[in-house]
Amino acid sequence: MTADLPGFTFLTAGKVRDLYAPEGHDDLLLLVADDRVSAFDQVLSRPIPGRAALLTRLTRWWFDRLPEVPNHLADADDVVVPAEVADRSMLVERLSMHPVECVVRAYVTGSGYAEYRRTGSISGVPLPEGLQDGDRLPEPIFTPAYKAEQGEHDENIPFEKVVDLVGAETAEALRATSLAVFARATALAEAKGVLLADTKLEFGDDEQGRLVLADEVLTPDSSRYWDAAAYAEGRRGVSFDKQIIRDWLAAHWDGHGTPPDLPDEIVQRTADRYRELVDLLPA
Ligand code: ATP
Ligand code: MG
């Protein structure tokens, strides 16, 4: 999916995003999302039209609503983002990233639930006994993970490990800022009938050593958004965006080898679902 962008040097390809450097600006990066989607840890063959632009819009929308948290969005008079990627890319300040995935959870599910079942805690945060998959926690908790090299799984780490990695002051700031962002996002999402079960944030330091919120924020790729009405009816973990894909795959694929191509109808319904989420939030 990597495009030739005039004025930019291609750096690396992530799973569903590419990184470029604007020529003559070592201090900036262009993050370009594409429409591919992953489910069950597999990048699927069929892109979801419009997905990358909608996720990019959501990230910008959330940055706008978090004015007290410095973020990495940048602009430069002499950098022209090519029209072909304008609606699915962000020009950002190039930060020195902290190798910590700042995860906040208000509900226990997914890998967090698996760890809780094994240890009674997540990332060293002890939790009450008897929690079921999808239960709401007494309060949101910070459950950091060590950001593994590409291709490897991130590993949940206790807060003391974050202190070892980035120092006590930065570790405290990562935790406090992540919890504050989560609280603000929860209030806005719940007012729209959407539960924010968990999210993953990434931060870096700018040249002045200031902590800056980076990457994508509060998108359905970095977060679990659940349908509040479904949850209230006892249907747990109904993902706002990927449920249609997951349900279809679960019915048409045994989980081995390459997943089958999604049919047009599923691609279309998923694209509609993304639009619904974006329509819900902006107000
Ligand atoms: P990763 O596991 O590293 O996140 P990925 O396959 O998910 O890999 P992407 O998330 O698309 O790939 O890659 C984006 C990369 O850019 C991430 O490593 C992220 O930490 C990094 N990044 C995001 N914002 C900035 C920034 N402002 N400055 C420097 N790096 C950034
Ligand atoms: Mg990433």
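His72 sits in the loop that runs between helix 1 and strand 6 (89-93). The model is a predicted one, so take what follows as a reading of that prediction.

Is His72 buried or exposed? With a relative accessible area of 2%, His72 is buried, because the cut-off for that label is under 20%. What does His72 touch once its neighbours within four places in sequence are set aside? The contacts include Met90, Leu91, Val92 and Glu93, and strand 6 covers residues 89-93. His72 also meets Val212, Leu213, Ala214 and Asp215. Leu31, Phe63 and Leu95 complete the list of its partners.

Ala86 is in the loop between helix 1 and strand 6 too. Here the relative accessible area is 40%, so Ala86 counts as partly exposed. Thr56 is 30 residues away from Ala86 along the chain, and the C-alpha atoms of the two are separated by 9.9 Å.

**The chain overall**

Stepping back, the chain is built from seven helices and 16 strands. Its radius of gyration is 19 Å, close to the 19 Å given by the globule rule for 283 residues, so the chain is as compact as a globular protein of that length. As for burial, 48% of the 283 residues count as buried. Take the contacts between residues at least 6 apart in sequence: 62% of them join residues at least 24 apart.

**How some of the helices pack**

| Pair | Axis separation | Angle |
|---|---|---|
| Helix 1 (residues 51-64) and helix 7 (residues 264-280) | within 10 Å | roughly 20° |
| Helix 3 (residues 159-166) and helix 4 (residues 168-190) | within 7 Å | roughly 125° |
| Helix 6 (residues 243-252) and helix 7 | 9 Å | about 155° |

Start with helix 1 and helix 7, whose axes cross at roughly 20°. That angle makes helix 1 roughly parallel to helix 7, and their crossing is left-handed. On the helix 1 side, the residues in the contact are Arg51, Leu54, Leu55, Arg57 and Leu58, and they meet Tyr274, Arg275, Leu277 and Val278 of helix 7. Sorted by class, the residues of this contact are six nonpolar, no polar and three charged.

Helix 7 also packs with helix 6, at an angle of about 155°. How does helix 6 lie relative to helix 7, roughly parallel or roughly antiparallel? Roughly antiparallel, because the angle is over 145 degrees. Helix 6 brings Ile244, Ile245 and Trp248 to the contact, while helix 7 brings Ile266, Arg269, Thr270 and Arg273. That works out by class as four nonpolar, one polar and two charged residues.

Then there's the pair formed by helix 3 and helix 4, with axes that cross at roughly 125°. At that angle helix 3 is oblique to helix 4, and the crossing is right-handed. Which residues do the touching? Phe159, Val162, Val163 and Val166 come from helix 3, and they meet Ala168, Thr170, Ala171, Glu172, Leu174 and Arg175 in helix 4. By class, this contact has seven nonpolar, one polar and two charged residues.

Terms used. Residues are numbered from 1 along each chain as its sequence is written. Chains are lettered from A and ligands numbered from 1 in the order in which they are written. This is a predicted model: local features need pLDDT of at least 70, side-chain atom pairs count only at pLDDT 80 or more; totals for chains, interfaces and linings use all residues. Side-chain values use heavy atoms; hydrogens and water are left out. Axes are lines fitted to C-alpha atoms, for helices over the stretch in contact, and angles run from 0 to 180 degrees between N-to-C directions. Helices (H or I, at least four residues) and strands (E, at least two) are DSSP runs, numbered from the N terminus. Angles under 35 degrees count as roughly parallel, over 145 as roughly antiparallel, 65 to 115 as roughly perpendicular and the rest as oblique. A crossing is left-handed if the near helix is turned anticlockwise from the far one by less than a right angle, and right-handed if clockwise. Contact means heavy atoms within 4.5 Å. Ala, Val, Leu, Ile, Met, Phe, Trp, Tyr, Cys and Pro count as nonpolar, Asp, Glu, Lys and Arg as charged, and the others, Gly among them, as polar. The radius of gyration is taken over C-alpha atoms; the globule rule is 2.2 Å times the number of residues to the power 0.38. Buried means under 20% relative accessible area, exposed over 50%, partly exposed in between (1.4 Å probe, protein chains only).
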